[in-house]
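This report looks at how two protein chains meet in a model and at one annotated region. Please keep the sequence and the coordinates in view while reading.

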Amino acid sequence: MELSFGPEYESFRDEVRDFITKHKDQQAPSGAGSDAGKSWQKTLIEAGYTARTIPKEYGGFGAEPDMVKSRIINEEFATARMPGGLGGQGISMLIPTLLELGTDEQKEQFIKPTLHGEMVWCQGYSEPGAGSDLASLRTSAVLDGDEWVINGSKIWTSTAHLAHWMFCLVRTEPDAPKHNGISFLLLRMDTPGIEIRPLVDMTMNANFNEVFFTDVRVPKDQIVGRRGQGWQVANAILGHERDSLADPNASLTRLNSLIDLMKTETLGGERLIDNPLYRERLMKIQGRAMAMRYNDMHVLSSRLNKDQEAPLARMITKLQGTELRHELEALAIDAMGEVGLSFGSNPYLRGGGSWQYQFMYFLGLIIGGGTNQIQKNIISERGLGMPKEPKIEK
Amino acid sequence: MRFGLSEEQTLLADSVTRFLADNVPLDEVRKVASGESSDAAVWQGLTELGVPGLLIPEDHGGVGLGSLDAVVVADCLGANVTPSPFLSSAVIAPTVLVAAGQREDLLGSLAGGEIRIGTAFGEAIGARVDADVKVSGGKLSGKSLFALDTHADHFLVATKGKHVYLVNASDCEVTDLPTVDRTRTTCEIKYNNVAAELISDNPDVFTEALDRARVVMAADTLGAAQHMIDEAVAYAKVREQFNRPIATFQAVKHMCAQMTADLEPCRSMVWYAGHALDNVPEEARLLACHTKAHLAEVGRSVSKTATEVHGGMGFTDLLGLHYWFKRCGFNRQMLGVPELVREEAARIQGLAA
């Protein structure tokens, strides 16, 4: 057990801390695509604290990949509550895909503006009829001369209303087996024939959209990878998304906010932290959150040390992390009793309404990113070597 | 950075596991559990591997290893439901004697497997029924309940004030108290003005031993629960119903996946708790409490679910799966049930009075 990252990394940590001290008044930039956001992004890239490993020629910092340094940056920014760089699916998903599988022209055209917040993306994967069974998607693209003609619809498309571009999966080879008939296309959201309808979720926010395509024409070369390879292109980075849904350190930070809440909220004049029933639930959740934190260290270690493997520790993080977080938020609501119901303009709202919001939002994450039932299939089949269910002949 | 076991620790686990597989199969466990033989032969074998002296410093005749090494061994013992006085003689007793710097002359005999020291800690954690230990003029009176190791030569007895005394078993009236888990023995000890030697009046000594014992028990549960998952998965792959292995049914797969998802983080937690005991003193107490309580919860649900996956066979004595079920149960109840230990976790953080 060697938990230090070593002196080289500790001096890197000091550098990050110096940067944070120097910029301690930095406010979280509001709204996607705001000038403040773009300017902060530029500062972070120049310092090497975001887009760290993206080559300089594409607008990144151009450092060698180093998981430990990335982790130190994340840890220090989180501790100091310093706003990080721009996120979104263009930056987190499309750029890594293009770097791996894009043509030189595509890298040239898309990476830099995406990174600098000039080009905002949405992801068009799921469809009304293709959720857990994503590979059964039916939105079609037919080649007509130099253009793909797209018809169909997508759902759960976050930021579609703000995005300039979409990366999406479409069926181009209807006669091929379902996994081999999909292609990965890039298209402008202002192309004629695209209709966006906001999809209000249970938090009463339109976090998602439905997107409809009617004879949408897209240049032939806006494909990543070859025809029929779209499933492989998308899967090159899907695992990455799953891991990021339930950060155990964020759960522990949230747990501290819950402790603060229980120290200030009262029931019959008694602080909730002094109520043994709620305290017992709090301690139970703390124990689970701690287990997830060490599980995360184990996963990191297995990535850093070639001789170490922890496949199960990785596979269970989305399932356990999202359930844990949902229960953590639920305890805050329960502890507040009827006050915990407060919503919208209610003057008794606590934490800006974040407890109810996150409680529901994490239910969304239990379902999204591969439902937790799909996660259990993955754990049992890939992790434990249990056989797949027999296929039902059509 | 490396979070995990060292090469030496992996080798230690391999050698203990190999010994147990060769010498203490389930048939042997059954014999000890039914009273047909004692755990003395098993303990003798483990002594040859150095297990009783694991935590005893080398200049006292031990191996001089640390808490994480004890965690590694406990994991193996739990996985094999090994009958032995490991918890009392190899973990609690050496920790108390070394921390107190008292009766270190006993350490050599402990390490050599020549004596066994049992422990009666119930009083200091929370007395049950009519347990009551009184000290007056260097003599003990009253009784302890569910003390560890009926076959011990001496007992370390903790009082309500967390003072620890040493008594000779032969001076006391020791009666075996059968529990569901016959792989570790517990007893009632009656003290009738028995000569007692004060080992420590410093509560920290008691607490240090208790923390270590709790982490080691959690590691024992980790091993036992992992074994049950392995058995359940293997059984589901071969057991056929409706013309297919039951492992193809999602209902069964999801039970196995949930057990894995619950237990896998426990491995890292137990490792870190073992590491913290020796290296991160400011975190060790909280970790020990949470690890004991969390593994108790996961141990209970895994041992239930793994039994269910086996269907009716899981419920029988034929398969013997119940030895692991009961092992998890014992580790849950002894030295503080989860509710009690979690309240202690809250107190450590200043969240409870």
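How many salt bridges does the rule find across the interface of chain B and chain A?

## Charged and polar pairs

In this predicted model, four salt bridges are found by the rule across the interface of chain B and chain A. One salt bridge joins the side chains of B:Lys253 and A:Glu381, with a distance of 2.5 Å from N to O. Across the interface of chain B and chain A there are also 21 residue pairs in polar contact, both residues of each pair being at pLDDT 80 or more.

## Elements and residue classes on the chain B side

The elements of chain B that each give two or more residues to the side touching chain A are helices H8 (203–238), H9 (250–279), H10 (281–309) and H13 (338–348). Of these, H9(B) gives the most, with 17 residues. Sorted by class, the side of chain B that touches chain A holds 20 nonpolar, 11 polar and 11 charged residues.

## Extent of the interface

In terms of contacts, 42 residues of chain B meet 47 residues of chain A. The area buried between chain B and chain A is about 4,100 Å², and carbon and sulfur atoms give 64% of that area. B:Met1, B:Arg2 and B:Leu351 together supply 21% of the area that chain B buries against chain A, which is more than any other three residues supply.

## An annotated region of chain A

An unreviewed UniProt entry places the feature "domain: Acyl-CoA oxidase/dehydrogenase middle" at residues 122–216 of chain A.

Technical notes:
Residues numbered from 1 in each chain as written. Chains lettered and ligands numbered in written order. Predicted model: local features only at pLDDT ≥ 70, side-chain atom pairs only at ≥ 80, totals over all residues. Heavy atoms only, no water. UniProt positions renumbered as here; feature names shortened; annotations may be inferred. Contact = heavy atoms within 4.5 Å. Buried area = accessible area lost by both parts, 1.4 Å probe. Polar contact = N/O pair within 3.5 Å; in protein donor to acceptor, adjacent residues only side chain to side chain. Helix = DSSP H or I, 4+ residues; strand = E, 2+ residues; numbered from the N terminus. Nonpolar A, V, L, I, M, F, W, Y, C, P; charged D, E, K, R; others polar.
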